[in-house]
Amino acid sequence: MKKRVGGGRFKLIDVLLTTIIIFLAMTALLIIFADTKNGQNVKSAKSPGAISDKVKVDKADSNFEGIRIITETSNDPLAKFAIQYPQSDSPEFNEQVKSFITEAKNSYLKAMGELTKTDNKKRSELNISFDTHMDRKGNYSFVLKNNETLRGTKKPAEIETFHLNPKTGTVMEIETVFKNESPVVREVTNRVRKTLSSTEKLQEGLIADKAQIRTEPEWRNYKNFALTDKEIIFYFESGSLKDESAGTQAAKIPIEDMNDLLKPEFQVATASADKTDGTMGSKSPSDGKEQPEAGETAGGEDGTEPGNGAGEQPGQPQVKRVALTFDDGPDPKSTAQILEILKKYDAKATFFMLGSRVEYYPDMAKAVKAAGHEIGNHSWNHPDLSKMPLPKALEEINRTRDIILKVTGEKPTVFRPPYGAYTEQLSKQTIPPIKLWTVDTLDWKYRDAGKLLEEVKKSTHDGSTILMHDIHQSTADGLDSVMAYLKGEGYTFVTVSEMK
Ligand code: ZN
């Protein structure tokens, strides 16, 4: 009896244990699976549709591991802006950068709202761009530059730096990098002052009293800095060392020369042995001057190009043609999705790329090229080139040409100025032909996949050049129905160069 009961209980325990083990194993599997899915979702938020699910976004997509570049543009002629900033997997870092961006954007939009129609709003613009530096330990420094023009008056450029250790997700400050000993900040001051007086470019126009005050031995005076693979750079805002017209100033000191002041984890080997990561982008041609406004002769400001002409050829069967153009990319996710859709319709298009985004996503630029599309130049960071001194505008174009050439092996064949704005002077320079558009889908404004087709239907005809933006998920999501419609209407797809 006892034995039988015992045997029965044993069996019951056995079954229970087995059930628990199976349950635990399944829970563990579910947790692991859910985790992976969440990880993907963070990066591909708002990704409905079968095609988008196929496109993987991971760290490898970016030339700067673990960092994404975010681009926001407004082509509203009354409140133009182009804002670019970095985001990472560190919530603390993201929050810090975003609060800077949000404040700058809101203050600009508020000022825009307060202006009346008669204030010539067209002459206002906000441009926030950044340079990425990586030191020899793999830490990032991001140098954000805020350029704002209100009613034609340029505000002094603002500089703000942000720092991230991507391995730990820790945000770094100047005090994170230097030793916490009182003579250290004094010594930083000494070395910066020495650099100011021994560097010709910095010496020129230096106002001694200003410089003395601005370089006092307090950490807050050095909070805007960048660690590169070669040096530590200290930034000084317009008007703080020199006259305001001289723009932002940067004092560069070789990192080896600062070793004794740095915390051990930031010190570098003084021999040239430790140069493994020296290739990461550390160029920042923009730490130079903010030049005063030059003469302005805006051309096609709002970008409605005089009609391309329908190109009717007598005696030949009428072939309707349309040129699709995608601006402000590339993007590892939405551009990839757009490439798939274009391939499905065997269509060639033109991608007007920003140099700053090609630097982040070279593989995507290569993929566009490999798929046989035309690549155009759309400047480095989307400023209104018609409001810039010519040499600065050309630098924007040339820097972008160079990176496209480096990455794809070919120079861009066409050029589209941001906002469609350029001066006659600029168009006369030896840059590829300027190609604007005839149909603006306003996709940057609506961000609505359904609206894309509506806008295309409204104004597309034979010979149209359609403007879209491949940085928006909604554009990628709405493209398939646009393609189906255009194909159904008998259009053939050409690049802007093929469109005469
Ligand atoms: Zn654009």
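How many aromatic pairs does the count come to? I kept this question open while I noted the basis of the entries.

**Basis.** I worked from a predicted model, in which local features need pLDDT of at least 70, side-chain atom pairs count only at pLDDT 80 or more, and totals for chains, interfaces and linings use all residues. Residues are numbered from 1 along each chain as its sequence is written, and side-chain values use heavy atoms, with hydrogens and water left out.

**Aromatic pairs.** I took rings of Phe, Tyr and Trp (its six-membered ring) as paired if their centres lie within 6.5 Å, with planes under 30 degrees apart counted as stacked, over 60 as edge-to-face and the rest as tilted. By this rule I recorded twelve aromatic pairs. One of them is edge-to-face: Tyr-222 and Phe-234, at 5.3 Å centre to centre and with 75 degrees between the planes. This pair links distant parts of the chain, with Tyr-222 in the loop between H7 and strand E8 (225-227) and Phe-234 in strand E9, twelve residues apart. Helices (H or I, at least four residues) and strands (E, at least two) are DSSP runs, numbered from the N terminus. I found both Tyr-222 and Phe-234 buried; buried means under 20% relative accessible area, exposed over 50%, and partly exposed in between (1.4 Å probe, protein chains only). I also noted one aromatic cluster formed by Phe-64, Phe-93, Phe-130, Tyr-140, Phe-142, Tyr-360 and Tyr-361.

**Charges over rings.** I looked for NZ of Lys or CZ of Arg within 6 Å of a ring centre and within 35 degrees of the ring normal. Lys-80 lies over the face of Tyr-419, at 5.3 Å from the ring centre. The charged end of Lys-451 is placed over the ring of Tyr-446, 4.4 Å from its centre.

**Zinc site.** Which residues coordinate the zinc ion? I listed Asp-328 (OD), His-378 (NE2) and His-382 (NE2), at 2.1 to 2.2 Å. Donors here are N, O and S atoms within 2.8 Å of the metal (3.2 Å for Na, K and Ca); water is not among the atoms, so sites may look incomplete. Along the chain the donors follow the spacing D-x49-H-x3-H. Asp-328 lies in strand E12 (residues 320-329) and His-378 in the loop between strand E14 (374-377) and helix H11 (390-408), so the pair ties together parts that are 50 residues apart in sequence. Asp-328 and His-378 are both buried.

**Backbone.** I recorded a cis peptide bond between Gly-329 and Pro-330, with omega about 5 degrees. Pro-330 is in the loop between E12 and helix H8 (334-344). Ser-379, although not a glycine, has a positive phi of about 80 degrees; this residue lies in the loop between E14 and H11. Is Ser-379 buried or exposed? At 0% relative accessibility, Ser-379 counts as buried. Asp-346 is likewise not a glycine and has a positive phi, of about 50 degrees, but Asp-346 is exposed, with a relative accessible area of 64%.

**Helix H5.** I noted 17 residues in H5 (residues 182-198). Among its buried residues are Val-184, Val-188, Arg-191 and Leu-196.

**Whole chain.** I counted 15 helices and 19 strands. Buried residues make up 50% of the 500 residues in the chain.

Terms used. Expected span 1.5 Å × (residues − 1).
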